[in-house]
Structure formats: structure tokens, C-alpha cells
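Thanks for making time. I have one structure to go through, and I will take it piece by piece.

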Amino acid sequence: MSAKQIRSGHQRRVLNWLIDGSGTVSHIAESLNLRMPHASLALRQLRERGEVSRDEQGSIRGAKHRLNEAGRARLAEDALARAQQHVRERPVQAEAIVLSLDGAHVLLGYVKPPRSRLLSLPNRGITEAEEVSPVSKGRQGGRWAVQRTGEIQWYTLSSFQTTEPPRQQALSGTLTDWTEEVDRIGLVHATLLDTRNEWLLSPGTWFSEPEVDASLPMALIQGEHVLGTATGTEHNITPQSGIHAHLTVAVNRSLAISALSTNALAFVDKAQQHSTRYLPINAIKHWMRARHTRMSEERLIEKYHEVRHHLLGDGGQTPPIALQRQLLADFGQTEWLEGNDIDTIHFSGVSLNGARSLLEWYVDESLRECAVEWPYSIEEALSILERLLATGRCRILITSDGEYQSLSTATTVIRSEKKLMKATIQLGRGKNIPLTLQQSSDERSAHAVHKRTPASAKELLMFWDTSEGFDREGFSHSESDFERQKSMWRALSMYPQGDEQWANMNESTMPLASWIATPQQHRTSRWIRLRSILPTGWADLLPIENCETATLISALPKASPEWNLKALEKIRQRFTNNVESILKYQHFLHDDELGSWMATSILLAAGQMPEEFHELLEQACIRWLDAPHQTQSVLESLFPIGESLSAPLENCLTKCKAAAKLHPSDSTLYVWGMLLQHMESDEPMTPEFLRNAMKVLPSAWWRAWASEWLQVQLSSTSGRRWLAATVLPWPALLARPAGERGGFPAWPTTYPDGRIMLDEVLHILLLEDNLGKPALLDVYDMLATAERGEPVSYGRVHPLVGWLARPVDSWPSMGLDVLHQGDAEVGALLYARSFASKLE
């Protein structure tokens, strides 16, 4: 693939400059040290070629020019042409080559991905002598550059065709590493961070990264507090006070404020975790001054002292109710203290007016350093934010509302990336330093130790927010041992990324904390080691899709019902797709702890088992009856409605009916067995038994008899009381289409013709008000309006429930939205019957 260089030096420099953003003619000319006519001519020629676009709004003189796709393509072709010109035989240890150098802008070619967008460059290239020398020379420090574009474009060295980046490898930096074949090159546009001294490497010079890096620019290391590291390096970033960081990711704001608030007054945007919130009393003086701009200073101080004495409990006259309400509106419920007694000020519950007054107090009266997380508009507080940064005492001002807005007094600007822990330090045009925010150190995280810890993985996941972290108020376990508190909260601070090294170090002494801190890719192996000692409820952190079947089975006793449901479904799928695989795990049937879970897994796949597995099926049934799990799903799998039972399944049915009598009377298995016995013997069922059946069994199992069971309950005071207190989707149970298949496992039936009549449910009107009454009133209304020929009533549990009592051909169109408008079962029946009628 051949490419052409850009012949015009002015055009190339202008296109190159526009990589970093738009600019006016005068701005471009000044930045590139071009005469205005030359810059204007170059831009006109580029516009004519369609490689630069000009904003047409406003005057032409001040219009901004932007690089478009055609311009980027021409720059890419120019870069490729320079690579074709200069890349010849590569010295053995060379990692990169200089392709062009134009002031601060350099074009580099890398034969391996650079470790960071912050590029460490040497002061000298590789000479022929070095190429054969076993000792590396000339690799002591040099200078820094930063990559200007997001992605590196890679080309093959053989034909310069576009290709994928090379595979990342852990290299030791030895000569052996670089004797391996190098077959591609990546082109990098970069900006030198320091151009006071000329970089002496000329185009065509190969080089390797220095073994010892140069010091970072002073703007990154002038401060005393570590904000993070330059991404891809181990160099700490310590900017001087006066940072303005616009961070839109909540976790990044939390990391930044934590890193720079040690021994400082912290203004944070977090809800106060304790019952009492404290604010500095003197802030009220600034608040009153902003509210009463025409009041004399003498009178204002007098009124302030009156309020102060009252709020501090020193007596004094009670402020007017209006003033108390205004204070509450702007500062929320709070206790007032002298400012020196406060270490953290919470903006939660504080209005913009109140927040401005708090900063006014800090700027005018406090001598402490601070770190501020400002959740309000920048525009509406521009003056005080400028003053805050100008004090030299504000280490960092973090904003997040709206778009970034420049503050002239900021010493350093940091912009957010939409990634956890990532941001960019802007040192100027084309100089965006990648920053990885520092996680809390052990010393700081000790202050974040709490007594409350999650009682289970389910609780951990429930109160984890990807942007905010953990809401510890939701944790129910109270840990009394301080060392376990520390290890748990250290592990929680690492979640979900984890830290394998830390988890390994703590596995024997703090197994649960080690389990929480384990990265996802290592969970399976750690589970094998810790399964027997982890508390019940912590298997939910295992990734189901990545676990082997044996691991899933071993985890079932220590997981939540919700996780078990998903894991059993995954096992069922695997057993169904490869029924022979069951034999690999059948030994679990004889395990005291896992036997009933293995039996459950086998029975859930019963419908797909060939004849030769029937003996194993009966063994599993016997094992399952000792400790049944997922009873509803297992019974539906063993005795599917509408299918005849094979001899082995008939044997299982006999065993299940006999064992059901031995189980608790409120268990699904017991109630199913008793209901089946009543049906087989045609025995009458007491109202009490029917209530228990409707409470314990899924409604889909008994709704074929819902009409007569409802009438039985309506006929007695105790039945009506139970109906009023029990929430059931009665309209969906009573309005099934005739002929629909129904029943429960081992007792199939069809829904009867004809619907329940209004005079059979009149006693609904006698029900006392309770949670179950609305659904039954909907039944009454839909039957009453249908029999009287009145318009369809608007339902309580679902707005369209009244249509269930009308012929389907009279219904309006029922789209998917009906599924989300009220009770789920009513919505599902409406949609299903409407859909079925269209098929007919």
C-alpha cells in the first residue's frame, strides 16, 4: 500500500494543529508562528480540498476551523507515507522510531503498544554500536510526550496494510524479547510536554523507552498530596492546590475527595450518615448579608448575633417563624457549631444559596485547607468558586453539574472520563495527561471502617451501586471484632474489581473478606478452597455462566434461593443438552450435603431422559424426598400436565404421594399430596383446607376451580375475612377461556364453560377493607357492568380488567403496554386472549 506525504509544509502543520481542536485563523497563526497571510492561504486551500470545515455562524474573521474526516484521512496517509519512507531495518532492541518532528508535535512509530498514553522518550537513539552491545546504554531519562489521539492505527511492516494491534505480552526487557519477529507498527501523534530544550532525535531514528524515566513536569508534582498515578506508569501525580476537577462519575468524585481531604476541611455531597448534621454558625452571617443587601452592616451584625445566641442555646429572643423556615429551607435540619469544631460539611439538604454562604464563610474566615465537592451549578456560583480557588487553601474543587466551565483561578484542570478511576489532566492544548485516581490507602480506609457489614452476598449485591459504592445503612450484620471489620471494609472497597494478591494474603485468616476481594476470573478456583468454611449465603458471587457443573452443584447449599433458581436452570440446560454428562456427577447423590441438590438437578431434567436413565431417575426421586428443593418446579417436571406418565414416573408418583404426608402441613409437597388425594377420592374439602391450598400452592395449579372455591369462602365470615386479607389476582383466575388446559401435577383438567355469575359473588360487597378487596371488587364490577350492559368499568388492579367479562371480539386493541399497566397476571391474560383471537 503506497501513500503520499503532504507536500505543503503550512498545510501539514495546520492539519496537525487541528488534531487537538478547532481554532480561528489568528489563533492558528500565532500558535504555529506563521504570518497571517500564510495561515489564511493554507486554510483556504484546505477548505477547497474539503479537509477543513469552517463555522459559518458569525463573522468570517472570528470563525473557527475544524478538522473533518477528509482531513484526518489525509493526515493518516501522510503518517503512513513517512513510515514507508523511514522504516527500514529495525535494530534488535528498538521499540519505536521517530517519523517526523515539528516543534512540540512528533509522529512516532511503535512496534509494540506503549505502556501508557504518557510516553517516556530518551535523549538519544539507538546507535549501531548499541545494537550489538549486550549492555544497554543511553537509556537514562529524557523527556515526556503525550499521545494526542485516542486509538493507535496499526499497519503490517510487510505491505503497510491496516491490521490489529499486537497481542499484549509480559516482556522482561531482555535482548531475547526483541529477537522475536516484529511484524507491525503503530503510528502515534504525540505532543512534547517540554519544548524548552530541543529534542535531538531526527526522523528515521530508532529508540527504546528509557530504563529510568525523567521527572514528570513540575505542574504534575508541585503539590504535597497524591491524587493518583499517571495511567500506565507508577509515577505519582501531586498537583499544587487550586485544582478544578470536573468529574461526572460519582465514584471518581469520591476517590478524588478522599485522596485530597486528609487533615483538611471537606465539603462533600453525601448524605450525613449520623443522626445529626453540623454546620458552622458564622455561615449564617454571610447568608443574611446575601439576603439583605440594603441592610447596614451594623444592623446586620446585630440581627446575626440575636440568631446566633438562640441557635447556640445561649438564650436570646426566638427568631421569627419566617426566618426559621428560611434557614431550614437553605440549610436543612442541622446543628450549629463554631467552624473550628467541624471537619466535614455535608451539602446534602443544603440549597444553592446555603452552599454559597458556606463557601463565603470559608473564604473570609477559615485558615484551614479544604477540599470541596460542589454539586451545584458552576455558572450560578462563578464568583465564589473563583475566589475559593484564588485563596491557595483549596486543594481541589470538584464540580459535576452540566458541562465543564473554565475557572480562571484554577492552577490545574482535570476532566472526567466515563470510566471508573480514570480522568485527564489538561496542561494545555494537546497535552492531556491520563490519570488513574488513587484508591484509599490502608491508612485512610481505616477511617472508613464500619460495624455494619453485609450478612450475605445477596445483601452485598442489593446495596451496591456502580456509581456510588455501598450503602452501608442497608447492611444487617453487626460485626463486633474490629480486625474483621477492617478486613471486610478493605475487601468491600476493592469490589467489584478485586485484588487477587490481597485476597491470597488474607485467605487463611479472613476467608470471607478474601472471598469478597477475589477478582471475578479467580472466583471459581478460590471457591474450591473456601467452600467448606464460607458462611451460608455467599455463593451468589460465583459467576454462573463461567462455573463448571460440579462447582454449581457444590455451591447450591450456600446460595440464596434466587441464585439457586438460576444455577439449577443452568444445570438443567446442560443435563438436557448432554444427558450422558449426568453420569459424571451422579456420585453427588450419595453426598450428605449435596445429595438432595443433585437429585433436584436430575429431576428437573426428567422430561428429556431416555429409558436407560429411569433407574437413576427413581433413585433421585427417593433422595429428593428426604429434603425436597424447588418443589413446584420438580413436580411440574416429573408430572407435566397433559402428558401420560411412564412406569418409572408412576413409581415416582406413588413415592411422592406417600412421602407428602410426612412433610410439614404448610409445605408445597404436603398440600399438593392432600389435594391430589381429595381429587382422586372425590372427597369434599373443608374451607380451611381450601384456604391453605390457595395460600401455599401456585394459583396456576388451582385456578380451574377458582369459581367454586371463591363461592365457598364468600359463604362464611371466616372465609370473607381471609379473602379480604389475601392478595390474589381474582379477575385473571376467573376469566380463563373455556377449554384451556389446567390443573396441577398428576391431575390435569380443562377450564369449564361459562363464567361465574354476578349473583354468586354478591357477598364481595360484605368484605371489610383490606389488601385483598380491590381485586374482588374488580370482579364484582366487571360482572355487574357486563350483565347490565353498562360501559366497561375502570379497574383497580388493572385499568382494562373490565374487558375480561366481555367477548374478545368487542375488545379494543391490546398491545404489549397492557403488560405493564397494573397487575401482571391480569395484563398477561388480557394480552394472551387478545393475541389468540387474532390468530383465530
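I will start with the cores, then go on to strands, helix pairs and a few single residues.

One caution before that: this is a predicted model.

Start with the packing of nonpolar residues. The largest nonpolar core has 124 residues. Within that core, the residues with the most contacts are three tryptophans, Trp 672, Trp 702 and Trp 730. Helix α32, residues 773-788, supplies the largest share of this core, eight residues. There is also a second, separate core of 39 residues. Phe 267, Ile 345, Phe 347 and Trp 374 are included in that second core. As background, nonpolar side chains in soluble globular proteins tend to be buried together.

What does Trp 672 touch, not counting residues up to four places away in sequence? The list is Leu 635, Phe 639, Leu 653, Cys 656, Lys 657, Leu 697, Trp 701, Phe 744, Pro 745 and Ala 746.

Now the strands. Ten strands form an open sheet with mixed pairing. Their order is β12-β11-β22-β21-β20-β13-β19-β18-β14-β17. Which are the edge strands? They are β12, residues 236-237, and β17, residues 344-346, and each pairs on one side only. At the β12 end, strand β11, residues 228-230, runs antiparallel to β12 and is joined to it by two bridges. Thr 229 has Asn 236 in β12 as its bridge partner.

Six of its six residues are buried, so β4 is largely enclosed by the rest of the structure. In a regular strand the side chains alternate between the two faces of the sheet. In β4, one side carries His 105, Leu 107 and Gly 109, the other carries Val 106, Leu 108 and Tyr 110, and all of these are buried.

What pairs with β4? Strand β3, residues 96-102, pairs with β4 in the antiparallel sense over six bridges. In that pairing, Ser 100 stands opposite Leu 107. The two strands make a hairpin with two residues between them, and Gly 103 in the turn has a positive phi of about 65°. Strand β9, residues 184-192, also pairs with β4 in the antiparallel sense over six bridges. There, Leu 108 stands opposite Val 188.

Helix α1, residues 9-18, is another enclosed element. Seven of its ten residues are buried, so α1 is largely enclosed by the rest of the structure. The buried ones are Gln 11, Arg 12, Val 14, Leu 15, Asn 16, Trp 17 and Leu 18.

Now two helix pairs. Helix α8, residues 283-291, and helix α9, residues 297-311, pack at an angle of about 135°, with their axes 10 Å apart. They are therefore oblique to each other, and the crossing of α8 and α9 is right-handed. From α8, the contact is made by Ile 284, Lys 285, Met 288 and Arg 289. From α9, the contributors include Leu 300, Ile 301, Tyr 304 and Val 307.

The other pair is α26, residues 668-681, and α27, residues 687-696. Their axes come within 10 Å and cross at roughly 130°. These two are therefore also oblique to each other, but α26 passes α27 in a left-handed crossing. Thr 668, Val 671, Met 674, Leu 675 and His 678 of α26 meet Phe 689, Asn 692, Ala 693 and Val 696 of α27.

Last, two single residues. Ser 560 is in the loop between α19 and α20. Is Ser 560 buried or exposed? Its relative accessibility is 9%, so Ser 560 counts as buried. Leaving aside neighbours within four places in sequence, Ser 560 is in contact with Lys 458 and Asp 540.

Glu 615 is in helix α23, residues 614-626. At 59% relative accessibility, Glu 615 counts as exposed. The C-alpha atoms of Glu 615 and Pro 648 are separated by 7.6 Å, and these residues are 33 apart along the chain.

Definitions and conventions: Residues are numbered from 1 along each chain as its sequence is written. This is a predicted model: local features need pLDDT of at least 70, side-chain atom pairs count only at pLDDT 80 or more; totals for chains, interfaces and linings use all residues. Side-chain values use heavy atoms; hydrogens and water are left out. A nonpolar core is a set of buried Ala, Val, Leu, Ile, Met, Phe, Trp, Tyr and Cys residues joined through side-chain atoms within 4.5 Å. Buried means under 20% relative accessible area, exposed over 50%, partly exposed in between (1.4 Å probe, protein chains only). Helices (H or I, at least four residues) and strands (E, at least two) are DSSP runs, numbered from the N terminus. Contact means heavy atoms within 4.5 Å. Two strands pair if DSSP finds at least two bridges between them. Axes are lines fitted to C-alpha atoms, for helices over the stretch in contact, and angles run from 0 to 180 degrees between N-to-C directions. Angles under 35 degrees count as roughly parallel, over 145 as roughly antiparallel, 65 to 115 as roughly perpendicular and the rest as oblique. A crossing is left-handed if the near helix is turned anticlockwise from the far one by less than a right angle, and right-handed if clockwise.
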